[in-house]
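User: I am new to this structure and would like to go through it step by step. Could you guide me?
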Amino acid sequence: MKLPRSPFLISLSLFCFIALSVAPALAQDWRPVDPADLALKAPVVEKDADAEAIFWEVRIDDSKPEELSLKNYIRIKVFNERGRESQSKVDLPYLGYNQIKDIAARVIKPDGTIVELNKDDVFERTIVKLSGVKVKAKSFALPNVEPGAIIEYRWREVVPGGSANHLRLELQREIPIQTVSYYLRPFLGMRYEPFHTGEARFVKDKDGFSKLTMTNLPAFHEEARMPPEDNVRSWVFLFYSEEGKLDPAKYWNDLGKKIYDVAKDEMKVSDEVKSALPAILGDATTPEAKLQRIYDFCRTKIRNVNRDATGLSDDEKKKLRDNKSPANTLKREMGTSSSIDMLFAALAKAAGFDVRLTLSGNRNDMFFDKSLANYYFLGSSFIAVKVGDNWQFYSPAETYTPFGMLGWPEEAQEALVTDSKEPLWVTTPQAGPEKSVERRTGKLTLSDDGTLEGDVSIVYTGHLAAEKKAYNAGDSQTEREDTLRKMIKGRMSTAELSEIKIENITDPLKPFVYSFHVRVPGYAQRTGKRLFLQPAFFQHGGSPLFSTNTRTNDVYFHYAWTEEDDVEINLPAGFSLDNADAPSPFSAGPLSQYNVRIGVSKDGKLLVYNRKFFFGGGLGNNLMQFPASGYDKLKTYFDMLNKEDNHTITLKQGTATASN
Amino acid sequence: MLHRILGFIVLTLLSASAAFAGDEAPAWLQTDAAIKVPAYERDVPAVVLHDEQNVTVNEDGRLTIVKTFAIRILNREGRALAEAAEIYLTDAGKVKDMHAWLIRPNGSVKKYGKDETIDQIEDANDVYNEYRVKVISASNEADAGMVFGYQITSEERPLFNQDIWLFQSHLPTLLSRYTLALPQGWRASSFTFNHSKVEPSTSGSTYTWELHDLAPIEYEPASPRIINLAPRIAINYFPSEGTSSSGSARSFDNWAEVSRWATALHDPQAATDDQITAKARELTANAKTELEKIQAIGHFVQNLQYISIDIGVGRGNGYRPHAASQVLAKAYGDCKDKANLMRALLKAVNITAYPVTIYLGDPTYVREEWASPTQFNHCIVAVHVSDETQSPTIVQHPKLGRLLIFDATDESTPVGDLPDLEQGSLALVVAGDDGALIRMPTTPPESNKVEREANVNLAADGSITATVRERAVGQKAADFRREFRKQSRATYQKMIEGWVTHDVNGAQVSKVEPTDDAAADRFTLDVEFTANSYAQVMQDRLMVFKPAIVARRESLFLTAATRKQPVILAPNAYTETVRVKLPAGFDVDEMPDPVKLNTPFGSYTTTYEVKDDQLVFTRNLTLRATTIPVEQYDQVRNFFARIRAAEQSPVVLAKK
């Protein structure tokens, strides 16, 4: 279960986003411009960049309890029209009770001419207001910006009563930066955690400030299937701590004990819980069977009000009071994600199991590392149950996650099992490819004009099903059908779908199923005497997984999966197979395998195609993360998959049947 | 960035909005909610029960506007439609009262008022403008079967005694009504578009226009925009004869009046000074002809940054450009600023030019019969040229002579061409008494053309080495130029790699070299790549490959079986020649039949020829600017279906 952020954190993150997304103020005068910077014709840090920051400075003064001050000073070299367009308009948004002061900006043209921003050209607007909350912005357009020019601007943001606790300092931006510096004058007890900053650390500077500097930072570019942004971007996390020297082991140990104390009351076994148990357990005798009954009960009989499919409106959800205990959740037959997990814990406890609340990182946000001693990084919680000598993990709050699995963001993560005396760390298990299967079948007929028509079904299990259910649950039937149509027509634009059935969308127990009738004019290509047919119907028109030649970030898959296809195609009268050779199998050891069989019925009228592919096997608890340096191999592997999926067989008019 | 922040903030604030106690809907909404609605197709998200605007004109010209609206949500897609929004100008109007109600099927009601009203900027792109919007959203609470309604009262000091009423959007509408209550003795007249004439009912000096039971208008690709499908009226109203309104608003009897009014706003701003003169001389120092001077100045102005800062819009400043000297000094401006600066720079080298106001978005939107500046949303320029200057974008004006039309805001369309959404549109040349509404020029398909040449070496193992050169002109070049300029070099490279690898499995792209020659209105792209297994080798005797090696960069559409609206095609042309060097030891066993399609709206041909171990494949597509009636949909659909089939057809080689 993903832990909700407190309102405090939400407002703080809004503040941080606004405060640091734009930036500074400070010195009385502009710093001298290096003629070499003015003469610069090409970017220093990143080839082909449109603009590049020569320096980007933020001076954070948190030494006064009455205010937090952030002074920003940015100097940017513009190289081309795109750079001019993206950099010459500046918006400085801020919360209504904050202040933006001391804005100054100027442009140094390539010939050295300086054009200052007129004070009258700074506009203040209330961006949005509601119920007394205001967000404002100061905006300006820099005059006379042209390729080759340097622009610079500075400002100061003052946050009355603000604190730098939990502030995120972004080091990588949308443009490359030659030198980025953060100056920090903290209140007592400030600590920081750097991410991807290399050797860069805060060092003592003047006037009570410390300074962290990095040089030659490329712009941050998103790529498909990359690890979470916080795992690849350079940034620093600021936080306050009362302790003089922070020992992560001790920190987590103390936290594990505190959380245990709080959680034991939340999972209290009351008489109501005890009396409900026998009916829930039924005839289950083994520990696994008992836990599954409890798990499925919590998913099917208790409505999760945090889910779209509850049928409750936002107003109705707002009116719901918090459940005070598992008994309360049991009685109301609905609850939040947290109260459902706690009900599961209470029932399991009542059934005699040792049960603990467990905390872990959330891979959707960031890969957790327990050397980071701050609860901020623990994004998920679930329930650990001791079965024999092992801890097993459950989160029935994840309505669509099957028994025995956690949601993928919690898999393969270090998890803190709370305890009154000795909390312990365990690594959560990761489901193999056999747990998340996309099983597709098609019974189709090919016409002699190349049209393919027939009935199709697609069945999803495991993480694949959970994602499909979560995506579709809140949609109307029309939206769900549109989603399916887009999926099919995205590969085969002429496909016509009818008799669509989508089953088990909100059923926690059954697989997610699509079934439909499809007609695809022009599926096979006709020449004078042949028909060319791609038997891999479910891959027809698909692109290779990776299209670009180069890669900056590692490649990361959320979870392992399997694809199984069974396609039968009735061949048109008067045609017979000219060739039906099958693609060759290939594999990457236990990680992945591809196998295809193509056969034909004895009368030569039916083509049978079976395909099985899986990816992510044999990894144990290792993440499916592949270094960018090995991108070529990975791309080649998936290119091969695409090539074999595009394998075509030939039907010839009026010849004898061939068979494999 | 403000867009992202705005979205985030609104979401956060809305999620914090308060819950409600039991409320009551007003009588009018209860009546609307009781209306039995007809059955619609299941993808119709909602039906408008009641859409009404009551405009009361005061003697001083100020307006009091009451909007009343009710909608029944028919399915979950309709939830987003449970929203009230009112745009206002801070210096010329205010929203006095805004309330909304959501009625559930069980009759319970939620009322929305001031505490649930978001007041936000209307356009986050501008550095500054005075438009704001108040929004009440019930989309999080709404669901199928519910009725959402709102009533908004606002006041406005209009610039013109003119108004527009669109009777519906895409949604079916049961009642749509516009009422204009004028002071005693005033009168109104109207024009109806996209519908037979809607006559108002009158009571004293109150006029009411009304339509009932309007069917839904389905969205379809390449169809006319909603503004040209939905019925709408345009209204003029006038003070009683012999008197004049104490307000400053006005209406227009003809386009010359509009021209005179706009000229008074534009001309003083186009004054030249020493800086403008010096800049004009600098820009045209090497220009030998009139056209070269226009090109030099046009190129300079269109490459100034587009930045819009509108202050005093309610006082007409939205129609008045900033002074040319100011725009030159800051090197930025919006469309009217750029057109105005270009006029001033041309004037400095003794070339006369006029502003042209136009509607950007649909060339068929502007209607001649209603003289009104509110029909336009963009400003371009018309340059008076002598017979010496020749260009496809020259039009003949009855009084002003030969005018070269140019959009100084579109950075991708050089002098001599015009953005396709402006071609053929009616636009107003702003030239005092001589101003007139004229039709903008259109360019033929051949002027908007892509020519592609591909040379492919096919090896006996099915691998290929290929070079592709695309040369585009006209609006096709503008499309490619826009695509290139709007993305970083790295993103552009990835886009081209994705285009190639979509059709050529495992392609290794070794060269992506775009060359933008904007002055010559040409954009060239050179691509080189290799692929290990382009052709499929079968049983060591056959080799099969598609000669249409990479797809066109725009997709062919119109696959739906049925159609409700006409199809609009833009003029363009495409030609491709692919030369495939065949591997030694193979003969061509089968080639697709050539295709030749000829229709009134377009033509398409393919040819295949083998000569000296080389296969030459050509394809040519020409689409003419046409609006195809819905009755002929099958014809246009089949046209594109046959093209798709032809381009998938393989060539079969057999071992000798």
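Analyst: The chat below goes from the overall make-up of the chains to single elements and residues. Please note that this is a predicted model.

User: Fine. How many helices and strands does chain A have?
Analyst: Chain A has 13 helices and 35 strands. Its C-alpha trace spans about 90 × 75 × 45 Å along the principal axes.

User: And what share of chain A is buried?
Analyst: Of the 660 residues in chain A, 41% are buried. As for contacts within chain A between residues at least 6 apart in sequence, 76% join residues at least 24 apart.

User: Which domains are assigned to chain A?
Analyst: The assignment gives domain 1 (7-240), domain 2 (250-429) and domain 3 (434-653) of chain A.

User: How do domains 1 and 3 of chain A sit relative to each other? What separates their centres?
Analyst: The C-alpha centres of domain 1 and domain 3 of chain A are separated by 47 Å. The two domains do touch: six residues of domain 1 of chain A are in contact with eight residues of domain 3 of chain A. On the domain 1 side of that contact there are three nonpolar residues, one polar residue and two charged residues.

User: Now chain B. Which domains does it have?
Analyst: Chain B is divided into domain 1 (2-238), domain 2 (255-442) and domain 3 (446-655). Between the C-alpha centres of domain 1 and domain 3 of chain B the distance is 47 Å. Seven residues from domain 1 of chain B and nine residues from domain 3 of chain B form the contact. The domain 1 side of this contact in chain B holds four nonpolar, one polar and two charged residues.

User: You mentioned strand 6 of chain B. Which strand of chain A is joined to it?
Analyst: Strand 6 (residues 123-130) of chain A is joined to strand 6 of chain B by two bridges, and these strands run antiparallel. Within this pairing, Val128(A) stands opposite Gln120(B).

User: Why does Val133(B) count as partly exposed?
Analyst: Val133(B) counts as partly exposed because it has 16 C-beta neighbours inside 10 Å, whereas a buried residue needs 20 or more.

User: And how far is Val133(B) from Glu451(B), in sequence and in space?
Analyst: They are 318 residues apart in sequence, and their C-alpha atoms are 47 Å apart in space.

User: Back to helix 10 of chain B. What do its end C-alpha atoms tell us about its span?
Analyst: The end C-alpha atoms of helix 10 of chain B are 23 Å apart, which agrees with the 22 Å that its 16 residues should span at 1.5 Å a residue.

User: Which of its residues are buried, and what covers them?
Analyst: Tyr633(B), Val636(B), Phe639(B), Ala646(B) and Glu647(B) are buried in helix 10 of chain B. Their cover includes strand 29 (567-569), strand 32 (595-598), strand 33 (602-611) and strand 35 (626-628) of chain B.

User: What about helix 12 of chain A, which residues are buried there?
Analyst: In helix 12 of chain A, the buried residues are Arg480(A), Glu481(A) and Ile488(A). They cover an arc of only 95° around the axis, so they are on the same side of helix 12 of chain A. Helix 11 (462-473), strand 24 (496-503) and strand 25 (512-520) of chain A are among what covers them. Helix 12 itself (residues 477-489) has 13 residues and reaches 18 Å from its first C-alpha to its last, close to the 18 Å expected.

User: One last topic: what are the bridge partners of Lys652(A)?
Analyst: Lys652(A), in strand 35 of chain A, is the bridge partner of Arg530(A) and of Ser576(A). Strand 35 (residues 649-653) runs antiparallel to strand 27 (residues 530-533) of chain A, with four bridges joining them. Strand 30 (residues 575-579) of chain A also pairs with strand 35 of chain A in the antiparallel sense, over four bridges.

Conventions
Residues numbered from 1 in each chain as written. Chains lettered and ligands numbered in written order. Predicted model: local features only at pLDDT ≥ 70, side-chain atom pairs only at ≥ 80, totals over all residues. Expected span 1.5 Å × (residues − 1). Buried ≥ 20, exposed ≤ 12 C-beta atoms within 10 Å, placed from the backbone. Arc of directions from axis to C-beta. Domains from an automatic or database assignment. Nonpolar A, V, L, I, M, F, W, Y, C, P; charged D, E, K, R; others polar. Pairing = 2+ DSSP bridges.
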